[in-house]
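Subject: Structure for your review

Hello,

The structure you asked about is below. My notes on what was found in it follow.

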Amino acid sequence: MDIATHDVLLVGGGGAGLRAAIAVAETNPKLRVAVVSKVYPMRSHTVSAEGGAAAVVKPGDSVDEHAHDTISGGDWLCDQDAVEAFVREAPQEMLRIEHWGCPWSREADGHIAVRAFGGMTRMRTWFAADKTGFHMLHTLFQTTLKYPEVMRYDEWFVTKLLVDDGRVRGVVALELMSGKIQALTAKAVILCTGGCGRVFPFTTNASIKTGDGMALAYRAGAPLKDMEFVQYHPTGLPFTGILITEAARSEGGWLLNKNGYRYLQDYNLGKPEPKPVLRSMELGPRDRISQAFVREMEKGNTIKGPYGDVVHLDLRHLGEKRINTQIPFVRELCTKYQNLDPVKDLIPVRPVVHYMMGGVHTDINGATPLAGLYAAGEVACVSINGANRLGSNSLPELLVFGTRAGRAAAEYASSQPAAREDAVLAQILDEERRIEEQYLRKTNGGERIATLREEMQKSIEEGAGIFRTATSLQVAAQKLRQLQERYANVSLDDHSRTFNTELTAAFELGFMIDVAEAIVESALRRTESRGAHQRTDYPKRDDEKFLKHTLAYRQPDGSTRIEYLPVVITRWPPAERVYGQESAEGKSAS
Amino acid sequence: MAETIQLEVTRYSPERDASPGVQTFDVPCRKEWVVLDALNYIKDSLDGSLAYRWSCRMGICGSCGMMVNGEPKLTCATFLASYAPGPVRVEPLQYFPVVRDLVIEMSDFMRKLKGVKPWIIRPEEKPLAEGEYLQTPEQLDAYKQYSMCINCVLCYAACPVYGLDPLFAGPAAIALAQRYNLDSRDQGASERMDILSQHEGVWGCTFVGECTKVCPKNVDPAGAIQRYKLAAAKEWFKSLLMPWGTK
């Protein structure tokens, strides 16, 4: 067993991980920092983010308004101290990545251009056409290449966190190319592995989004926070789940039911106007728009399709020129994958699992309760997103909290003595033996990965979808426990070492079942409706009992223990969420 | 359920095989399916040991490039039915060493990418407090096309020069060098010029333009290379005429 020694390890090389790596290098250039990623960093899922990144820079806007939009959008489950830090630091982080070369769309005079986005009172969303995440990720990745101190382990899969004496000591990882299992020790580990959309059957998330970091932390004893809050984005293409960005609606797109009627007006989201109005109708928050879809389906107003019911997103009135300059990727995706042209055709869309508001519990500096373990980006729950994230807050989040976690981990690592490898040697050997015995050498068992994965996805969608009940959740919980047992009998077709992607798929399935259980158990215990968590048996928000974060701990027997933590309220006491003209003072978005 | 189509897939395991072979699979030919869906069907239902890379399934992560009937393609953006009645040959991208099955060795490209210094180079940085570097939409347009590269390396698999001379920096790396050279915020063009000029591979590019034809993002690396050659030739002439004046 080889052991490589570092000071700070990043697990995950997307936006948060790369930003954190640069922050570590800049905080203390003497630290040995490395990015461990199961894919080449520029393949990370940040690449798929389309619409934009919110940060207050324009005259007339204020960080307090951005904070209030975020907090009301999150149905008052956000920690307000974290939101205040976020809105304050987002502009400088966005400027920094501009200085690093991100090709932001511009106004005629050369200043940064901004667009409207759902749930935002002002136009404050920076964008790089509709490939914002792609450009941010490549800018960050290419910029990290100039830091010789940032080492990379590309295509290494982390299977376990090493913990000794209450502190994280590093990770065990598999090098895909060689099949070698190796320990990478470190004084601090920052998880930046993103979300877990693949737990669900229909998602915008890439195949790599399997909740690895969430499960690694959960298994190591760190709690997962607010896992019941799963964001359905209202506009996914049927079958593929490819996202049609919210920017399509901020540019003026309409959502129509089968009668060509802008149905959102029936769901307390304002009145239809020809031009987009901020915080109104199609620019309402994602949770409310996705929920309206289900209600519309129940009324029989949706359109039947081969991959489930759909409504129509209508962009035709925007015209070819505007579509080509502002949302060219939407047109490219529709023509390439749906064989239709949004300039002339209606786009069929349905709600699709997009984002996890919940994640590894961290403080405002990305620190988890487990010493030496940090998390940032979608894998983490700080929480600035509360019960529902606003579109265009996740990209600035990964910059702000990637930086904060990088700095905090660097300072922690600088103050720690060298890691003692002998303390974790037994764990390393155990993990190597587990991988050999449970996967590589086992030939009996008989359970197929794809079968268990499909059953898991079906059960969580049925049990913990857009609307949930105690019964639906209990059925899912029971099914997931059975799947845990059957998982022990997974056997692989592939027993070779070189680039064994069936082995990594097996690890990923194990992670996903753990994460799915945390989602279902957390949802079962929250007997209220708030943001993206809608219980038809408890339809009201209950601030008396649930102005609290859920903390899910994994017990030694694999079961989940739930605790609660009060929400931090600074300046915005809980209030009604109001969308439509009353809230937006009729501000036009164009 | 509808018709099936035959896939002829390259199989190679360095632990087992002396050289790559071909395995055929019959898969459903559904109209919504891309070639990648067919590979996923094989992995999930027929043979879990098939190795290939993929992630986003929306043509932006750049992972799933392969040769499909002899052409470099993103398999997530290539419909299966357009090859009916088949068979469809799926091979690893050519000119790269093969790790296993459809997985190629990427490290040569990663070295070349880093080699062209694809980051903003400026002798002096202004503080963040002074705001953004202004850049008009026209200035953005000057390099935007080259910034669209997703590093899928289809252009290398299409490039006859790279096939003959692996030292050639290659289409994507040169396009990304140009992406920064043409960015109004950057002042590193001459530094990058020195690196690119070190090897003569670039002069071997005869503007066949295969790289531009296969690029799924319309980056036009062939155009980037021609512009680079023109700029480099000018620099060279200047250095002959005015040896003191170019640096």
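Two strands are taken to pair if DSSP finds at least two bridges between them. Please keep in mind that this is a predicted model.

Hairpin in chain B

With that criterion, strand β3 (residues 65-68) of chain B and strand β4 (residues 71-74) of chain B are joined by 4 bridges and run antiparallel. V68(B) has E71(B) in β4(B) as its bridge partner. The two strands, β3(B) and β4(B), form a hairpin with 2 residues between them. In the turn, N69(B) has a positive phi of about 45°.

Helix pair in chain B

Helix α6 (residues 171-181) of chain B packs against helix α7 (residues 189-197) of chain B at an angle of about 160°, and the axes are 9 Å apart. Because of that angle, α6(B) is roughly antiparallel to α7(B); angles over 145 degrees count as such. The crossing of α6(B) past α7(B) is left-handed. On the α6(B) side the contact is made by I174(B), A177(B), Y180(B) and N181(B), and on the α7(B) side by A189(B), R192(B) and L196(B). By class, the residues of this contact are 5 nonpolar, 1 polar and 1 charged.

First sheet in chain A

An open sheet of 4 strands in chain A has the order β1-β10-β9-β8, and its pairing is mixed. Its edge strands are β1 (3-5) and β8 (156-164) of chain A, each of which pairs on one side only. On average, neighbouring strands of this sheet are turned by 25° against each other, direction ignored. Within the sheet, strand β9 (residues 167-175) of chain A pairs with strand β10 (residues 181-185) of chain A over 5 bridges, in the antiparallel sense. Here L174(A) stands opposite I181(A) in β10(A). Helix α11 (residues 421-440) of chain A lies across β1, β8, β9 and β10 of chain A and runs at about 135° to β8(A).

Another open sheet of chain A has 4 strands in the order β13-β16-β15-β14, with antiparallel pairing. At its edges are β13 (230-236) and β14 (254-256) of chain A, each pairing on one side only. Neighbouring strands of this sheet are turned by 45° against each other on average, direction ignored. β14(A) is joined by 3 bridges to strand β15 (residues 311-314) of chain A, and the two run antiparallel. One bridge partner is known by residue: L255(A) has L313(A) in β15(A). Helix α7 (residues 286-298) of chain A packs on the sheet and touches β13, β15 and β16 (347-356) of chain A. The direction of α7(A) makes about 65° with that of β13(A).

Contact between the chains

Chain A gives 46 residues to the contact, and chain B gives 44 residues. On the side of chain A that touches chain B, the elements giving two or more residues are α3 (80-99), α4 (132-144), α9 (328-338), α12 (449-463) and α14 (501-525) of chain A. The largest share of that side, 5 residues, comes from α3(A). Sorted by class, the side of chain A that touches chain B has 21 nonpolar, 15 polar and 10 charged residues.

Regards

Note on methods:
Residues are numbered from 1 along each chain as its sequence is written. Chains are lettered from A and ligands numbered from 1 in the order in which they are written. This is a predicted model: local features need pLDDT of at least 70, side-chain atom pairs count only at pLDDT 80 or more; totals for chains, interfaces and linings use all residues. Axes are lines fitted to C-alpha atoms, for helices over the stretch in contact, and angles run from 0 to 180 degrees between N-to-C directions. Angles under 35 degrees count as roughly parallel, over 145 as roughly antiparallel, 65 to 115 as roughly perpendicular and the rest as oblique. A crossing is left-handed if the near helix is turned anticlockwise from the far one by less than a right angle, and right-handed if clockwise. Two residues are in contact if their C-beta atoms, placed from the backbone, lie within 7 Å. Ala, Val, Leu, Ile, Met, Phe, Trp, Tyr, Cys and Pro count as nonpolar, Asp, Glu, Lys and Arg as charged, and the others, Gly among them, as polar.
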